[in-house]
Amino acid sequence: MDEIKILLVEDEKKIASALKTGMEEQGFYVMVAYDGSMGEKFFTNYDFDLVILDINLPDINGYALSRMIRQRKQNIPILMLTALGTVEDKIEGFEAGADDYLVKPFAFKELIARIKSLLRRTAAGLPTAHILRVADLEINLDSKEVTRAGNRISLTAKEFQLLEYLVKNKNRVVSRADIAGKVWDIGFDTGTNVIDVYINFLRKKVDKDYPVKLIQTQIGMGYILKEE
Ligand code: CA
């Protein structure tokens, strides 16, 4: 594979230089722009495989730059970096065309994992990969890969189907009967606790090691997968 070229737009010089050095150690070629217009200029004059954008830049901000890049090159992966981590900021980023989002401070390992994941999607010809996201949980419906905060989670086929169902119905209570019908393709049998058992399997893998618990029990009603 040819050298992967990354454009990094980041106005904080120390961060930019640390990220550049780290990414170069991973074998990537990195060009750094220190403001939005420099980023735009580099993007126009060189050919990149991936763009990393800080949002708060002195002139053209990351959202505007992302929109401009999307207009010119539909499929290039865009990863946004920001100190802002609210849901609104993330939504604005995704609406501006970002494929992924990292909130500062982040672990460098996580940045590399996200870069590789974005590049894999492009290489597989899946620029529009079917990715479901809730908070830092990501489900790739094509590759069946599940990650949380960039860490791979390995699920059985049934666990995957259950998680997919919960995520597709996020922020909505689903009853055990809904789950039994949709995931197990059976009518609800009160004599079995298979659903609770599988919910516990999922919690161990998806929630246990993370401060935010996504899968919640609604007593007497069922389960809900919630962003907050
Ligand atoms: Ca900045």
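1. In what follows, Ala, Val, Leu, Ile, Met, Phe, Trp, Tyr, Cys and Pro count as nonpolar, Asp, Glu, Lys and Arg count as charged, and the others, Gly among them, count as polar. The structure itself is a predicted model, and the points below should be read with that in mind.

2. With those classes in hand, the lining of the largest pocket divides into 14 nonpolar, 4 polar and 12 charged residues. The space in this pocket comes to about 620 Å³, and of the 30 residues that line it, Lys90, Val103, Val134, Ala135 and Asp136 are the closest to its centre.

3. Two or more lining residues of the largest pocket come from each of helix H4 (87-95), strand E5 (100-103), helix H5 (108-123), strand E6 (131-134) and strand E8 (146-148). Because domain 1 (5-124) and domain 2 (131-225) both give residues to this lining, the largest pocket lies between the two domains.

4. The calcium ion has as its protein donors Asp11 (OD), Asp54 (OD) and Asn56 (O), which lie 2.1 to 2.4 Å from the ion, and along the chain these donors follow the spacing D-x42-D-x1-N. Asp11 sits in the loop between strand E1 (5-9) and helix H1 (13-25), while Asn56 sits in the loop between strand E3 (50-54) and helix H3 (62-72), so the pair ties together parts that are 45 residues apart in sequence.

Definitions and conventions
Residues numbered from 1 in each chain as written. Predicted model: local features only at pLDDT ≥ 70, side-chain atom pairs only at ≥ 80, totals over all residues. Heavy atoms only, no water. Donors = N, O, S within 2.8 Å, 3.2 Å for Na, K, Ca; no water. Helix = DSSP H or I, 4+ residues; strand = E, 2+ residues; numbered from the N terminus. 1 Å grid on protein atoms, 1.4 Å probe; cavity = no way out; pocket = protein on both sides within 12 Å on 5 of 7 lines; lining within 4 Å. Points joined across faces, edges and corners; volume = space filled by probe spheres on them. Domains from an automatic or database assignment.
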